[in-house]
Amino acid sequence: MQIFLGESMRNRSIFLMCLLVVVVLLTSLPALAQDVTEVRVWIAFTDGRLDWTREVAAAFNEAHPDYNVVVDGYANYEEILDATVLALEQGNPPAVVQWFEVGTQFARDSGYFKPIETALDGRTEVLGEPVVLDDIIEPVRSYYTLDGVFTSMPWNSSTPILYMNMEMLEAAGVEGIPATWQDIEAACALVMAQDPAPAGCITWPNHGWFFEQWLAQQDAVYANNDNGRTERATEVVFNSEAGLAVATWWQNMYNMGYYTYSGVQRDWGATEQAIETGTVPMVITSSADARNITRIAGENGIEIVTSRMPYNADTGWTGNLIGGASLWLTDGLDPVVEDGALAFMQFLNNTENAAAWASTVTGYIPITNSAAELLTEQGWYEENPNFRVAFDQINDSTVTTATRGALLGTFVETRDIVTQAMEDLMLQGGDPAERLETAVSDANAELEAYNSLYTD
């Protein structure tokens with residue numbers, strides 16, 4: 001006997017079968033979702049650097065389908081610092097956070113983070129990603145090593161370099177590339193003697209970072225107890241002979257009309273624009289800006305040449321400090337999340353990615369030897385010599401107590417104090433020695449209050 005189902009009956013059967021499939025899929029989704037571990041990464045960029053990092057995260061996720069690295073960007077280091085502290089206090093922190101180098105002591109004191117070397121525990125790979133710590137160049141390694149332990153994963157490391165409009169310098173009769181403070185003064189005398197003279201000869205952001213660099217170049221420490229590396233720093237000591245030399249030269253450059261000040265502290269944008277538009281023939285600013293400055297100046301018909309940051313010929317050059325930031329691993333993570341975070345940090349800094357980050361993406365220095373070797377083998381530095389200067393400046397630095405950099409829990413506040421002191425010396429005049437004494441006193445009051453929170 002044949003049984004024929006009516007059309008309504010067949011439609012109902014099809015509907016029930018589809019419903020069953022949907023139910024099965026819906027009930028399986030939570031299980032599938034649980035198999036993918038999210039790793040949140042916060043970085044202090046919202047521009048093309050964020051876009052590139054997200055592309056790297058997507059490549060990592062594709063290679064590790066059981067992980068989903070999510071990268072969020074913040075406008076600056078100060079903003080990400082505040083956001084991270086709040087998230088940690090609320091118990092919902094990211095797995096990885098980017099903090100600037102002067103936040104190192106606070107990161108250490110906070111107890112929020114686990115040293116990356118401790119987390120790796122001697123492993124040479126994580127989730128198949130080779131560990132890159134042994135490949136990191138020595139000056140960068142030495143900064144982030146505390147008590148013999150690698151604290152955080154270096155990533156965007158920079159150094160100040162000199163950017164020059166050689167056409168303007170040559171038109172003024174400047175021969176060769178200025179290497180010292182004294183060379184800069186001589187070049188500026190020629191530049192500003194022209195009729196008409198440009199708006200200024202040289203500029204750099206009024207920011208405490210440059211004071212620190214010139215101090216380290218003279219192999220002078222910023223704080224006691226070996227820059228806070230053998231014991232906690234209890235005093236800043238930048239009012240030394242070397243510090244006085246920096247403040248005096250800076251003030252004199254302004255007074256002679258050689259140094260152009262925008263009137264705004266930490267004015268990185270005005271510094272870049274001054275060289276990009278041909279307003280001044282020389283600026284000193286971060287190597288991280290090498291790509292943008294070279295590109296924008298080129299669009300304006302200006303060829304840029306870079307060289308090392310000028311130093312005090314009376315004391316010679318020992319080396320420069322690194323700038324930039326590193327990636328910190330949050331303590332107390334689920335082991336699966338921690339492994340994903342560790343693996344991503346290795347992937348982000350593998351040879352190919354570190355080389356791309358330092359060349360086609362930014363002007364940061366390649367932080368690994370293999371990345372620098374790759375760029376050399378590919379002919380990148382030969383074709384783009386402006387980018388080689390920063391790497392050589394850092395890699396050729398002698399690692400000393402001074403060039404390793406200082407550790408202070410109040411480094412951010414101290415930088416602001418130094419920045420204000422330099423502005424006062426330019427705009428209000430006065431004795432550099434007396435102004436530095438006041439700055440040291442103010443900075444030490446901040447440091448004492450901070451240290452009282454973390455010492456018995």
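This is a predicted model: local features need pLDDT of at least 70, side-chain atom pairs count only at pLDDT 80 or more; totals for chains, interfaces and linings use all residues.
A search of the whole structure returned one disulfide. Its partners are cysteine 188 and cysteine 201, with sulfur atoms 2.1 Å apart. The link between cysteine 188 and cysteine 201 is left-handed, with -80° about the S-S bond. Cysteine 188 belongs to helix α8 (residues 181–192), while cysteine 201 sits in the loop between α8 and β11 (202–203), so the bond ties together parts that are 13 residues apart in sequence. Relative accessibility is 0% for cysteine 188, which therefore counts as buried. Cysteine 201 is also buried, its relative accessible area being 0%. A disulfide is a covalent bond between the sulfur atoms of two cysteines.

Helix α3 covers residues 77–89, 13 residues in total. From first C-alpha to last, α3 reaches 18 Å, close to the 18 Å expected at 1.5 Å a residue. The N-terminal end of α3 is capped by asparagine 76. A side-chain oxygen of asparagine 76 lies 3.2 Å from the backbone nitrogen of glutamate 78. After α3 comes glycine 91, with a positive phi near 75°.

The buried residues in α3 are Tyr77, Ile80, Leu81, Ala83, Thr84, Val85, Ala87 and Leu88. An α-helix has 3.6 residues a turn, so residues three or four places apart point the same way. Strands and a helix contribute to the cover over the buried residues of α3. The strands include β1 (37–43), β3 (96–100), β4 (113–114), β9 (153–158) and β14 (323–330). Helix α4 (104–110) is also part of this cover.

Note on methods: Residues are numbered from 1 along each chain as its sequence is written. Side-chain values use heavy atoms; hydrogens and water are left out. A disulfide is a pair of cysteine sulfur atoms within 2.5 Å. Helices (H or I, at least four residues) and strands (E, at least two) are DSSP runs, numbered from the N terminus. Buried means under 20% relative accessible area, exposed over 50%, partly exposed in between (1.4 Å probe, protein chains only). The expected span of a helix is 1.5 Å times one less than its number of residues. Contact means heavy atoms within 4.5 Å. A polar contact is a pair of N or O atoms within 3.5 Å; within protein, one must be able to donate a hydrogen and the other to accept it, and residues adjacent in sequence count only if both atoms are side-chain atoms.
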